[in-house]
Amino acid sequence: TTDYWKGDYDLQSGAVLVCSHKELIATVKDGELMYGEDYDDCADPSAHKLRFVERGDGYYSIHFGDSQAAITAGADSHLTEQAYTESDRQLFRLERLSLSYYRIICKADNRLLSGGGPNGSIWLYNNVDSVQQKWKFVRA
């Protein structure tokens with residue numbers, strides 16, 4: 001069985017983020033957070049590991065692999081890797097929806113990580129209660 005995160009291990013060590021829409025893995029390509037492979041078809045899901053570093057106030061910064069750069073919300077809603085500066089655009093909270101699924105919400109504007117953006121991008125969008133806004137964490 002797949003080991004979904006239920007709050008039972010430290011996300012700082014890393015997890016694979018999988019969207020409930022088509023079971024696609026979140027990954028970083030050319031500095032932008034994008035959809036990657038289908039989880040079931042991926043030979044090495046741990047290569048797409050994201051680290052969620054808790055900042056002590058219920059918010060997390062998100063880092064790809066061992067990078068110190070953080071996923072950052074741009075003014076155009078795209079999510080890119082930028083140097084970590086503690087900006088609200090680099091902080092996200094997790095909201096549990098069910099045993100396995102979560103929403104990931106940006107502190108700066110309360111918009112949600114959403115799959116299905118232009119060219120396979122993962123971007124911020126208003127809450128529309130979509131499967132593209134529901135994520136699960138799988139142990140990396």
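# Why these words fit this predicted model

Guide: In this predicted model, His48 is buried, its relative accessible area being 12%.

Visitor: Why is His48 called buried?

Guide: The relative accessible area of His48 is 12%, and buried means under 20%, so the residue falls within that class. His48 has its place in the loop between β3 (32–38) and β4. Not counting residues up to four places away in sequence, His48 touches Ala15, Ile25, Ala26, Thr27, Glu37, Cys42 and Phe64.

Visitor: What makes Phe137 count as buried?

Guide: For Phe137 the relative accessible area is 0%, and since buried means under 20%, the residue is therefore buried. Phe137 lies in strand β12, which covers residues 135–139 and has the lowest mean pLDDT among the elements of the chain, at 91, whereas strand β6 (residues 70–73) has the highest, at 98. The C-alpha atom of Phe137 is separated by 13 Å from that of Glu95, a residue 42 places away along the chain.

Visitor: Why are Asp30 and Glu86 called exposed?

Guide: Exposed means over 50% relative accessible area; Asp30 has 85% and Glu86 has 58%, so each of the two counts as exposed. Asp30 is placed in the loop between β2 (24–29) and β3, and Glu86 in the loop between β7 (79–82) and β8 (92–96).

Visitor: What is said about phi of Asp30 and of Glu86?

Guide: Phi of Asp30 is near 50 degrees, a positive value in a residue other than glycine. For Glu86, also a residue other than glycine, phi is positive as well, near 70 degrees.

Visitor: How many aromatic pairs does a search of the whole structure find, and what makes the pair of Phe52 and Phe137 edge-to-face?

Guide: The search finds four aromatic pairs. In one of them, Phe52 and Phe137 lie 5.1 Å apart from centre to centre, with 90 degrees between the planes. Phe52 and Phe137 are both buried.

Visitor: Why is the pair of Tyr102 and Phe137 called edge-to-face?

Guide: The ring centres of Tyr102 and Phe137 are 5.5 Å apart and their planes stand at 65 degrees; because edge-to-face calls for an angle over 60 degrees, the pair is edge-to-face. Tyr102 belongs to strand β9 (residues 102–106) and Phe137 to strand β12, 35 residues apart, and here too the pair links distant parts of the chain. Tyr102 is buried, as is Phe137. One aromatic cluster is formed by Phe52, Tyr60, Tyr102 and Phe137.

Visitor: Which residues of the largest nonpolar core touch the most other members?

Guide: This core has 27 residues, and those that touch the most other members are Leu17, Phe52, Leu79, Ile104, Leu113, Trp135 and Phe137. Leaving aside its neighbours within four places in sequence, Leu79 is in contact with residues including Gly31, Ile71, Phe92, Leu113 and Trp123.

Visitor: How do you know that the radius of gyration agrees with a compact globule?

Guide: A compact globule of 140 residues would have a radius of gyration near 14 Å, and the chain has 13 Å, so the two agree. The C-alpha atoms fill a box of roughly 35 × 30 × 30 Å along the principal axes. Of the 140 residues, 46% count as buried, and the chain exposes about 6600 Å², of which carbon and sulfur atoms supply 44%. Among contacts with a separation of 6 or more, 47% are between residues 24 or more positions apart.

Visitor: How many helices and strands are in the chain, and what is its mean pLDDT?

Guide: The chain has zero helices and 12 strands. Its mean pLDDT is 91, and 94% of the residues reach 70 or more. Where pLDDT is low, the predicted coordinates should not be read in detail.

Technical notes. Residues are numbered from 1 along each chain as its sequence is written. This is a predicted model: local features need pLDDT of at least 70, side-chain atom pairs count only at pLDDT 80 or more; totals for chains, interfaces and linings use all residues. Side-chain values use heavy atoms; hydrogens and water are left out. pLDDT is the predictor's confidence in each residue, from 0 to 100. Helices (H or I, at least four residues) and strands (E, at least two) are DSSP runs, numbered from the N terminus. A nonpolar core is a set of buried Ala, Val, Leu, Ile, Met, Phe, Trp, Tyr and Cys residues joined through side-chain atoms within 4.5 Å. Buried means under 20% relative accessible area, exposed over 50%, partly exposed in between (1.4 Å probe, protein chains only). Contact means heavy atoms within 4.5 Å. The radius of gyration is taken over C-alpha atoms; the globule rule is 2.2 Å times the number of residues to the power 0.38. Accessible areas come from the Shrake-Rupley method with a 1.4 Å probe; for residues, only the protein chains shown count as cover. Rings of Phe, Tyr and Trp (its six-membered ring) pair if their centres lie within 6.5 Å; planes under 30 degrees apart count as stacked, over 60 as edge-to-face and the rest as tilted.
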